[in-house]
Amino acid sequence: MSSLLFERSEQSRLIDVAVPRPIDTPLTYRVERSLDSRIESESWIGRWVRVPLGRAEVCGVIVSEPRETTGFETETEKAKLRSVIEMGSKVLSGDLLKLCE
């Protein structure tokens, strides 16, 4: 099973997402390469995404550019990351997001 987790992490990147909940920091989600390949050359910040949060699915806004899945100490840490369900167009500009910080 750990080899499957390793293969999945090699085919994905991480993003931070602001969700409409009383949480002070963005949550980190995995974006599979099949989902992110269509926007490779554009900025990700400000796009809406649908993500799992607890037992629900919520829409949030991407607040970071994608980064590689490195820096995990264990396979268990990698497995805890949940994947983005759907990604859409840009809904907020980078300047507006900076103002919200």
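Buried means under 20% relative accessible area, exposed over 50%, and partly exposed in between, with a 1.4 Å probe and protein chains only. The model is predicted, and local features need pLDDT of at least 70, side-chain atom pairs count only at pLDDT 80 or more, and totals for chains, interfaces and linings use all residues. Residues are numbered from 1 along each chain as its sequence is written, and side-chain values use heavy atoms, with hydrogens and water left out.

**View 1. The protein chain has 4 helices and 6 strands.** Helices (H or I, at least four residues) and strands (E, at least two) are DSSP runs, numbered from the N terminus. The order of elements from the N terminus is α-β-β-α-β-β-β-α-β-α. The protein chain has 101 residues, of which 35% count as buried. Its accessible surface is about 6,400 Å², with 52% belonging to carbon and sulfur atoms; areas come from the Shrake-Rupley method with a 1.4 Å probe, and for residues only the protein chains shown count as cover. Among contacts (heavy atoms within 4.5 Å) with a separation of 6 or more, 65% are between residues 24 or more positions apart.

**View 2. R50, E57 and E86 form a network of salt bridges.** A salt bridge is a side-chain nitrogen of Lys or Arg within 4 Å of a carboxyl oxygen of Asp or Glu. R50 meets E57 at 2.4 Å, N to O. E86 meets R50 at 3.1 Å, N to O. Because E86 lies in strand β6 (residues 86–90) and R50 in strand β3 (residues 47–53), this pair ties together parts that are 36 residues apart in sequence. E86 is partly exposed at 32% relative accessibility; R50 is partly exposed at 25%, and E57 is partly exposed at 47%.

**View 3. D16 and R67 meet in a salt bridge.** The N to O distance is 3.1 Å. D16 belongs to strand β1 (residues 12–18) and R67 to strand β5 (residues 67–68), so the pair ties together parts that are 51 residues apart in sequence. D16 is buried, with 17% relative accessibility, whereas R67 is partly exposed, with 33%. The structure holds 3 salt bridges.

**View 4. Strand β1 pairs with β2, β4 and β5.** Two strands pair if DSSP finds at least two bridges between them. The antiparallel pairing of β1 with β2 has 6 bridges, and in β2 V31 stands opposite R13. The antiparallel strands β1 and β5 are joined by 2 bridges; in β5, E68 is the bridge partner of R13. Another 2 bridges join β1 to β4, also antiparallel, where V61 of β4 is the bridge partner of A18. Because 6 of its 7 residues are buried, β1 is largely enclosed by the rest of the structure.

**View 5. P66 lies in the loop between β4 (56–62) and β5.** Apart from neighbours within four places in sequence, P66 is in contact with R13, L14, I15 and W44. P66 and R13 are 53 residues apart in sequence, and their C-alpha atoms are 5.9 Å apart.

**View 6. The largest nonpolar core contains 13 residues.** A nonpolar core is a set of buried Ala, Val, Leu, Ile, Met, Phe, Trp, Tyr and Cys residues joined through side-chain atoms within 4.5 Å. I15, V31, V49, V51, V84 and M87 touch the most other members. The elements giving two or more residues to this core are β1, β2 (27–32), β3 and β4.
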